[in-house]
Amino acid sequence: MKIAIAGAGYIAAIHATAIQHAGAEVAAVVEKYPDKAEEFARRFGIPQQYRTVEELVEAGGVDALVIGTPNFLHAPQAICALTAGLPVMVEKPMAMDAAEGQRMADASTESGAILMVAHCWRFDADVLWLKQHAHQLGTIHRTKGYGVHTHWGPAGWFTRKDLAGGGALADMGIHALDTARFLLGDPQPVSVYARIATHYGSYDVDDTGILVVNWDNAAVSYIESGWWQPHSDGPEAATQLYGDQGFGQCFPTLLELPDRVRETVDTLRAPYPFPREEHCPQAMYDAQMNYFIGCVEHGDTPIPGWREGLVNMKIVDAAYESSRSGNVAVIQ
Ligand SMILES: NC(=O)c1ccc[n+]([C@@H]2O[C@H](COP(=O)([O-])OP(=O)(O)OC[C@H]3O[C@@H](n4cnc5c(N)ncnc54)[C@H](O)[C@@H]3O)[C@@H](O)[C@H]2O)c1
């Protein structure tokens with residue numbers, strides 16, 4: 001399979017590595033800056049370079065496109081490729097907002113080309129272990145999750161609203177949000193109350209946030225997002241599940257199951273060490289890429305696809321609205 005990548009930055013290198021690990025070919029790079037394109041092409045042995053997705057589509061010769069560019073480019077690049085019938089995997093956040101996400105979904109539906117959204121934590125071994133064992137917790141009534149950078153935050157386009165759409169919530173909180181929703185079995189959001197602010201830098205996006213999301217299965221998720229925070233109760237996508245039969249969490253990943261006979265708690269640990277060597281391991285992105293390639297090969301609808309990406313965008317939009325108004329925002 002011949003796969004093109006849009007962008008030649010941080011995540012593009014991880015995706016290029018994943019494509020090669022899958023035995024597929026990184027056939028083209030779409031990058032605005034020629035020097036970056038050249039270096040990236042040399043590093044991964046990529047034969048073709050383009051400045052725009054329009055040029056890529058015009059030239060043809062690839063089976064799929066992976067988009068790892070700044071958020072404002074996700075919708076135009078994805079819509080261009082999808083309209084030409086090219087399957088796409090786009091980075092999170094899917095778009096600048098839900099309206100853009102909807103246009104991407106429409107382009108996928110109209111052309112029949114699949115659109116996957118790279119909510120990578122759904123492919124993480126610890127998260128999958130917790131999901132596999134979550135039924136032992138009974139009904140999960142609430143979750144707590146974290147998408148927080150401590151003593152660190154990004155710069156450049158990430159901190160510009162016109163290029164990123166949002167700040168730490170759109171960048172990091174969305175990982176916690178999607179992981180909570182995945183572990184809950186993808187319920188629909190009903191409403192959100194949020195307090196989102198900027199306290200750690202001079203930019204026009206947020207770097208501090210808390211969200212309370214109400215789901216249609218009556219569960220509630222508490223989410224923290226942030227950059228430059230002095231503390232986080234867990235690393236990226238760390239999620240705690242409170243069920244009526246027990247407690248579970250990832251990072252470190254375990255279940256605590258009260259033993260009512262002995263009045264003790266049995267702890268069942270995932271077979272993975274913590275702290276991990278790398279919190280965002282290449283293996284997670286490899287699994288994600290293998291799944292995308294399988295969906296392209298078999299024409300399967302990916303999960304996470306545009307439906308999951310769009311739900312996350314609706315929650316993010318509603319959270320910003322709630323924080324602005326001070327009221328609970330209802331999600332349609
Ligand atoms: N899932 C994850 O773990 C994860 C991690 C990091 C980033 N991301 C997401 O990946 C995306 C990219 O983030 P990044 O950290 O790789 O950013 P980055 O700044 O490192 O890379 C972006 C690349 O896009 C290029 N670019 C800019 N304008 C372009 C244009 N008009 N056409 C083509 N290329 C252009 C830049 O030159 C750069 O090479 C973002 O949406 C981000 O949220 C996801």
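Biologist: Where is the place of Pro-275?

Modeller: This is a predicted model, in which local features need pLDDT of at least 70 and side-chain atom pairs count only at pLDDT 80 or more, while totals for chains, interfaces and linings use all residues. Residues are numbered from 1 along each chain as its sequence is written. Helices (H or I, at least four residues) and strands (E, at least two) are DSSP runs numbered from the N terminus. The peptide bond from Phe-274 to Pro-275 is cis, with omega near 0°, and Pro-275 sits in the loop between strand S14 (264-269) and helix H9 (282-298).

Biologist: What is omega for the peptide bond from Lys-92 to Pro-93?

Modeller: Most peptide bonds are trans. Pro-93 lies in the loop between strand S5 (88-91) and H5. The bond from Lys-92 to Pro-93 is cis, with omega near -15°.

Biologist: Is Ala-218 buried or exposed?

Modeller: Ala-218 belongs to the loop between strand S9 (208-215) and strand S10 (220-229), and its phi is positive, near 80°. A residue is buried if 20 or more other C-beta atoms, placed from the backbone, lie within 10 Å of its own, exposed if 12 or fewer, and partly exposed in between. Ala-218 has 11 other C-beta atoms within 10 Å, so Ala-218 is exposed.

Biologist: What is the phi of Trp-228?

Modeller: Most residues other than glycine have a negative phi. Trp-228 is in strand S10 and counts as partly exposed, with 17 C-beta neighbours inside 10 Å. Its phi is positive, near 60°.

Biologist: Are H5 and H10 roughly parallel or roughly antiparallel?

Modeller: Axes are lines fitted to C-alpha atoms, for helices over the stretch in contact, and angles between N-to-C directions run from 0 to 180 degrees. Helix H5 (residues 98-111) packs on helix H10 (residues 306-325) at about 165°, with the axes 9 Å apart. Angles under 35 degrees count as roughly parallel, over 145 as roughly antiparallel, 65 to 115 as roughly perpendicular and the rest as oblique. Therefore H5 is, relative to H10, roughly antiparallel.
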